[in-house]
Amino acid sequence: MVEIQSIGIVGAGQMGNGIAHVAACAGFDVKLTDISQDALDRAVATIEKNLGRMVKKDRISETDAAAALARIDCSTDMATVGECQLIIEAATENVDLKYKIFESLSAVASEDAILATNTSSISITSIAAKATNPERVMGMHFMNPVPVMKLVELIRGLQTSDSTFEAVERAAQRMGKTTIVARDVPGFLVNRILMPYINEACQALYEGIGSVEDIDTGMKLGTNVPMGPFTLADFIGLDTCLAICEVLYNGLGDDKYAPSPLLRKYVEAGWLGRKSGRGFYDYSQG
Ligand code: NAD
């Protein structure tokens, strides 16, 4: 099996910059692309800041941090990822957008490139069907924040070949991640369980069962998790949470997955969580 040396990343938001960070630290050459130059600039600033933190904590030397940063190339031209052996798509959670990206990637990627998607919920089989080589497509679901969270969920589409799966598994392990395998069903494994929990917290707030703070404190101290559901939802992004809830609801056809009207309202207001400065909490003061 050919060892992967170069990784392209499509989408430089919260997840894309984190994946670029861990890939560069693991010694991969990284090409990062986004439609927005602003997103790329913010991604590089975030990676620089996070590497600086690691240096301060003695988790990486200053030389290695500088070398990792130097391994990341950015461009708004998606064709630049074409030469990479593994291309990970981490753009906005929208099914039509993902289909379009996989069609375009097929046109620029080399014949033997592997295409992975970081989608939180969308059918890998349907995304793979948009690619020229569907057997070389699979799900590689990182957790947020990528440099901190140890897990990568691996999802085969119906068409995924064993060699594709093994190459992606090895790349995830080289990035220091623990992998689990999930079936290609809406939300896969982690979000199938997590999103109904976050959605139920929204519904509890909507029904006035408790305040944001009480629900968060209740679940944090009552179930011994590091953050309550609203802190976590703000961290993930409420637009992403809503998109995943929609996929669960439409894909599983059960009313119990219907997104809470409150979650929908917050997204309509543009209150998307940390990334927009306001969600269930206010982050405008930093
Ligand atoms: P984000 O909103 O922070 O970033 C999305 C980025 O995609 C933006 O920078 C946007 O400019 C870019 N983009 C949009 N269209 C594009 C295109 N055509 N080509 C290139 N870039 C494009 O979102 P995120 O939180 O980083 O989520 C990205 C993906 O990762 C989604 O599929 C999401 O479901 C998944 N995911 C998110 C989390 C999380 O906690 N946020 C966790 C795991 C997986």
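Guide: Buried means under 20% relative accessible area, exposed means over 50%, and partly exposed is in between, with a 1.4 Å probe and protein chains only. This is a predicted model, where local features need pLDDT of at least 70, side-chain atom pairs count only at pLDDT 80 or more, and totals for chains, interfaces and linings use all residues. Residues are numbered from 1 along each chain as its sequence is written, and side-chain values use heavy atoms, with hydrogens and water left out.

Visitor: How far apart are E111 and N133 in space?

Guide: Their C-alpha atoms are 8.0 Å apart, and 22 residues separate E111 and N133 in sequence.

Visitor: And M140, buried or exposed?

Guide: The relative accessible area of M140 is 0%, so M140 is buried. M140 belongs to strand β6.

Visitor: New topic, the ligand. Which residues come nearest to the ligand?

Guide: D34, E93, K98, S120 and I236 come nearest, out of 24 residues around the ligand. A residue is near a molecule if one of its heavy atoms lies within 4 Å of it.

Visitor: What classes are in that shell?

Guide: The shell has 10 nonpolar, 10 polar and four charged residues. Here Ala, Val, Leu, Ile, Met, Phe, Trp, Tyr, Cys and Pro count as nonpolar, Asp, Glu, Lys and Arg as charged, and the others, Gly among them, as polar.

Visitor: What about the backbone, how far is M15 from the ligand?

Guide: A backbone N or O atom of M15 is 2.8 Å from an oxygen atom of the ligand. For A91, a backbone N or O atom lies 3.2 Å from a ligand oxygen atom. A polar backbone atom of T92 is 3.5 Å from an oxygen atom of the ligand. A polar contact is a pair of N or O atoms within 3.5 Å; within protein, one must be able to donate a hydrogen and the other to accept it, and residues adjacent in sequence count only if both atoms are side-chain atoms.

Visitor: How much of the ligand does the protein bury?

Guide: The protein buries 87% of the 840 Å² that the ligand exposes when taken alone. Accessible areas come from the Shrake-Rupley method with a 1.4 Å probe, and for residues only the protein chains shown count as cover.

Visitor: Which elements give two or more residues to the shell?

Guide: Those are α1 (14–25), α4 (95–108) and β6 (137–142). The largest share comes from α4, with three residues.

Visitor: Why does the ligand lie between the two domains?

Guide: Domain 1 (6–182) and domain 2 (191–275) both give residues to the shell around the ligand, so the ligand lies between them. The domain bounds come from an automatic or database domain assignment.

Visitor: Back to α4. What does the side chain of S106 do there?

Guide: S106 is in helix α4. A polar atom of the S106 side chain lies 2.9 Å from the backbone nitrogen of T132. With a relative accessible area of 18%, S106 is buried.

Visitor: Cysteines next. How many disulfides are there?

Guide: The structure holds zero disulfides, where a disulfide is a pair of cysteine sulfur atoms within 2.5 Å. For C25, the nearest cysteine sulfur is that of C74, 14 Å away. For C245, the nearest one is that of C241, 6.7 Å away. C245 counts as buried at 2% relative accessibility, and C25 counts as partly exposed at 31%.

Visitor: Which way does the phi of F188 go, positive or negative?

Guide: F188 has a positive phi of about 55 degrees, although F188 is not a glycine. F188 is in the loop between β8 (178–182) and α7, and counts as buried at 3% relative accessibility.

Visitor: And N224, buried or exposed?

Guide: N224 counts as exposed, at 71% relative accessibility. N224 also has a positive phi, of about 60 degrees, without being a glycine.

Technical notes:
Helices (H or I, at least four residues) and strands (E, at least two) are DSSP runs, numbered from the N terminus.
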